[in-house]
Amino acid sequence: MPSITGLRRWPIREAVDIGIGADVGLFGLGGDARWLGVLGGPAAAIRAMPFRAPFSLELTARLDFGRIPVCNAWRLCLRYLGLFPAMEAGAAYLSTQHVAIVATCGVRFIITLAWSGVSVEPAAAGRIFW
């Protein structure tokens, strides 16, 4: 899911900081673009750099609002509006002071009239920050 996240971070210890911000993301791109899903909302994160190496561990909570398509075996899709909260854990390697390579895995809670469950969302990303 291509997304953009903006966080304002505050240090709480030498190697730990917290962040509050927002994110917005799209999914369903490609052949099924007519069933595009959009999620966005507030986000909170905590990041720790436990080693002297340019490596960090992160935990992020999101309270996303948006619309998601839920499709059946006959490719009939319904769109649902609602809250779809998520938790995400990750590790980042800071290649320079302003660029990082990140691997994450998150879980999103989905409750709709047609389907309820948990979506597992592994991802790899590049980050630019200033």
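Reader: Which strands each supply at least two residues of the lining of the largest pocket?
Author: This is a predicted model. In it, the lining of the largest pocket draws at least two residues from each of several strands. They are strand 1 (3-13), strand 2 (16-27), strand 3 (37-48), strand 4 (55-71), strand 5 (77-94), strand 6 (99-111) and strand 7 (116-128).

Reader: How do the lining residues divide into nonpolar, polar and charged?
Author: Some names first: Ser-3, Thr-5, Arg-62, Glu-88 and Arg-127 are the lining residues nearest the pocket centre. Now take the whole lining of the largest pocket. It splits into 24 nonpolar, 11 polar and 10 charged.

Reader: How much space lies in the largest pocket?
Author: Its lining is made by 45 residues. The space in this pocket is about 1300 Å³.

Reader: How many bridges join strand 6 to strand 7?
Author: A hairpin of 4 residues links strand 6 to strand 7. The two strands run antiparallel. Val-107 stands opposite Val-120 in strand 7. The bridges joining strand 6 to strand 7 number 13.

Reader: How far apart in space are Ser-119 and Val-107, C-alpha to C-alpha?
Author: Ser-119 sits in strand 7. Beyond its neighbours within four places in sequence, Ser-119 is in contact with Gly-106, Val-107, Arg-108 and Ile-110. Ser-119 and Val-107 are 12 residues apart in sequence. In space, C-alpha to C-alpha, they are 5.5 Å apart.

Methods:
Residues numbered from 1 in each chain as written. Predicted model: local features only at pLDDT ≥ 70, side-chain atom pairs only at ≥ 80, totals over all residues. Heavy atoms only, no water. 1 Å grid on protein atoms, 1.4 Å probe; cavity = no way out; pocket = protein on both sides within 12 Å on 5 of 7 lines; lining within 4 Å. Points joined across faces, edges and corners; volume = space filled by probe spheres on them. Nonpolar A, V, L, I, M, F, W, Y, C, P; charged D, E, K, R; others polar. Contact = heavy atoms within 4.5 Å. Pairing = 2+ DSSP bridges.
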